[in-house]
Amino acid sequence: MAFWSREERAKEEIVLNEEVVDDDLLVEGFGSLRGFSGPTVTRTMAMAIPAFAACVDTIAGDMSTLPIRLYERREQEVIERDDDPRVLMLNGDTGDLLTGPEMIKAMVEDYYCARQGGNVYINRPNGSNEVRSLHYVKAEEVCPLQNAVYDPIFKHCAYLIGGCQYEPWELVRILRCTRDGRLGRSVIEQNNNALSVAHQTMVFESSLVSNSGRKSGFLKTGKFLGSKALAAIKKAWRKFYSSSDTSVVILNDGVEFQEATASSTEMQLNENKQINDDAIFAMFKIPPEVIRAGKTDNASKNANANYVKHCILPLIAAFVAALNSSLLLESEKGRLFFGFDLSEFTKADIKERWEAWAIARNAGFVMPEEVRDKEGLPRLGLDYISLNLRDVLFDVKAQKIIVPNSGRVVDLSRLDPDGAPSVEDKASAPGGDAPEGTEGGEIDASENQ
């Protein structure tokens, strides 16, 4: 049989009479530790992560700077159609409040952040084939409809926008990782857990700054505290954490503070942030050096090459396919096609850009006037292609080979019966006299060699 003293009975009565509420004792189960159950990341939350926003803005910004060209196949050559109104809309005035680059950038952002992808409405008034304007449509405004009987082979889908139904040929759509042509899979949907970790890390860092570095924890005491004592401690503790001044909480004898979280150094917050950023870069297939400063020039060049190859080119392929499918008439398909001008990527490095033009010109791929046209420089009337034979020029229009240092002109259109081209002397060339050893326009073949 057990006996209690009067003091022990009094303490027991205090404990039994105390009303324990949720705020008094915080006890959480450890079931959540078995698997990650973080909050679902929305588009707004994802764009609040600096690394995620940087990737989306970098890709969308680069895509908006690339000019869109329209080409036409004519027998054995491809000709650029720069006077087509559709090209002018895609690169400049769309007929909407958004310009062409702004429209492309908004479509790319929706491509990565929304299941509906990027969408543009094609305004063809009165059922005509003429494209009058292009109008960007927010992803959240597009609702793909599904037929009552779903056909996995012959797929068809209409779209509900602003209460009106539209057919697929009335829209230009780009979808990421789509399998049915209706909806895609955004980066946020595919990597929600990883983005949730990055977002919670950012929130934790923000809480440290807002609390002026004050750590969370709990109080330990060997005495029994009544409701008044608990209320006083809670009030003081709440004031201590809610204010940014230098106020302190005085703990009575026997009450100790025990930290409940590790410090930033213990948690290696900076290292975790870098790991989270690298994971986000991997989601977009962007080398970290593209966003950060590269260590060496070669590393930066390799990173930019991988960025264009693995990130930009697949997106361009999706864009080109969508433009060819929706903006071209059935009679134009196969003959006309859209394309992006990737030469804009070299504008940032002027030395590399001019070296590339020099190689193309010396190899005979482009003419001097073509280079000047691309660079926005005035024409100089240099309709020649270098044959890479030192001071030898080929006049494309006149079909003549000109050797300025010897004053000879070879007319390829006038051949003698033996198949040798006729050679004009200096008198026929501008500002020159007949070279020695030539009579009547004839020249020794060995001298020509």
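This is a predicted model: local features need pLDDT of at least 70, side-chain atom pairs count only at pLDDT 80 or more; totals for chains, interfaces and linings use all residues.
Is Arg-43 buried, partly exposed or exposed? Arg-43 is partly exposed, with a relative accessible area of 28%. Across the whole structure, a search finds 13 salt bridges and 6 aromatic pairs.

**Arg-43 and helix H5**

- Arg-43 has a partner: it forms a salt bridge with Asp-110, and the closest N and O atoms are 2.9 Å apart.
- This pair links distant parts of the chain, with Arg-43 in helix H2 (residues 43–47) and Asp-110 in helix H5, 67 residues apart.
- While Arg-43 is partly exposed, Asp-110 is buried, with a relative accessible area of 2%.
- Among the buried residues of H5 are Gly-100, Met-103, Ile-104, Tyr-111 and Tyr-112.
- Helix H5 covers residues 100–113, and at 1.5 Å a residue its 14 residues should span 20 Å; the end C-alpha atoms are 20 Å apart, so the two values agree.
- Tyr-111 and Tyr-112 also belong to one aromatic cluster, together with Phe-52 and Phe-284.

**A sheet of three strands**

- Strands S2, S1 and S11 form an open sheet of 3 strands, in the order S2-S1-S11, with antiparallel pairing.
- The edge strands are S2 (77–80) and S11, each of which pairs on one side only.
- On average, neighbouring strands of this sheet are turned by 35 degrees against each other, direction ignored.
- Strand S1 (residues 68–74) is joined to S11 by 5 bridges, and the two run antiparallel.
- S11 is mostly covered, as 4 of its 5 residues are buried.

- Arg-69 forms a salt bridge with Asp-341, with the closest N and O atoms 3.1 Å apart.
- That pair links distant parts of the chain: Arg-69 is in strand S1, while Asp-341 is in the loop between S11 and helix H13 (350–362), 272 residues apart.
- Asp-341 counts as buried, at 10% relative accessibility.
- Another salt bridge brings together the side chains of Arg-81 and Glu-72, at 3.0 Å from N to O.
- Of these two, Arg-81 is partly exposed, with a relative accessible area of 23%, whereas Glu-72 is buried, with 8%.
- Both residues take part in a network of salt bridges that links Glu-72, Arg-74, Arg-81, Asp-84, Arg-86, Glu-332 and Arg-335.

**Aromatic pairs**

- A pair of aromatic rings is described by the distance of the centres and the angle of the planes.
- The rings of Tyr-121 and Tyr-166 have centres 5.3 Å apart and planes at 65 degrees, so this pair is edge-to-face.
- Tyr-121 sits in strand S3 (residues 118–123) and Tyr-166 in strand S7 (residues 164–166); the pair links distant parts of the chain, 45 residues apart.
- With 22% relative accessibility, Tyr-121 counts as partly exposed.
- Phe-319 and Phe-340 also make an edge-to-face pair, because their ring centres are 5.8 Å apart and their planes are at 65 degrees.
- Here the link runs between helix H12 (residues 297–326), which holds Phe-319, and strand S11 (residues 336–340), which holds Phe-340; the two residues are 21 residues apart.
- Phe-319 counts as buried at 1% relative accessibility, and Phe-340 counts as buried at 11%.

**Two loop residues with positive phi**

- Lys-285 has a phi near 60 degrees, a positive value in a residue other than glycine.
- Its place is in the loop between helix H10 (269–284) and helix H11 (288–291).
- At 56% relative accessibility, Lys-285 counts as exposed.
- Gln-399 is not a glycine either, yet it has a positive phi of about 55 degrees.
- Gln-399 lies in the loop between strand S13 (393–395) and strand S14 (400–403), and at 34% relative accessibility it counts as partly exposed.

Definitions and conventions: Residues are numbered from 1 along each chain as its sequence is written. Side-chain values use heavy atoms; hydrogens and water are left out. Rings of Phe, Tyr and Trp (its six-membered ring) pair if their centres lie within 6.5 Å; planes under 30 degrees apart count as stacked, over 60 as edge-to-face and the rest as tilted. Buried means under 20% relative accessible area, exposed over 50%, partly exposed in between (1.4 Å probe, protein chains only). Two strands pair if DSSP finds at least two bridges between them. Axes are lines fitted to C-alpha atoms, for helices over the stretch in contact, and angles run from 0 to 180 degrees between N-to-C directions. The expected span of a helix is 1.5 Å times one less than its number of residues. A salt bridge is a side-chain nitrogen of Lys or Arg within 4 Å of a carboxyl oxygen of Asp or Glu.
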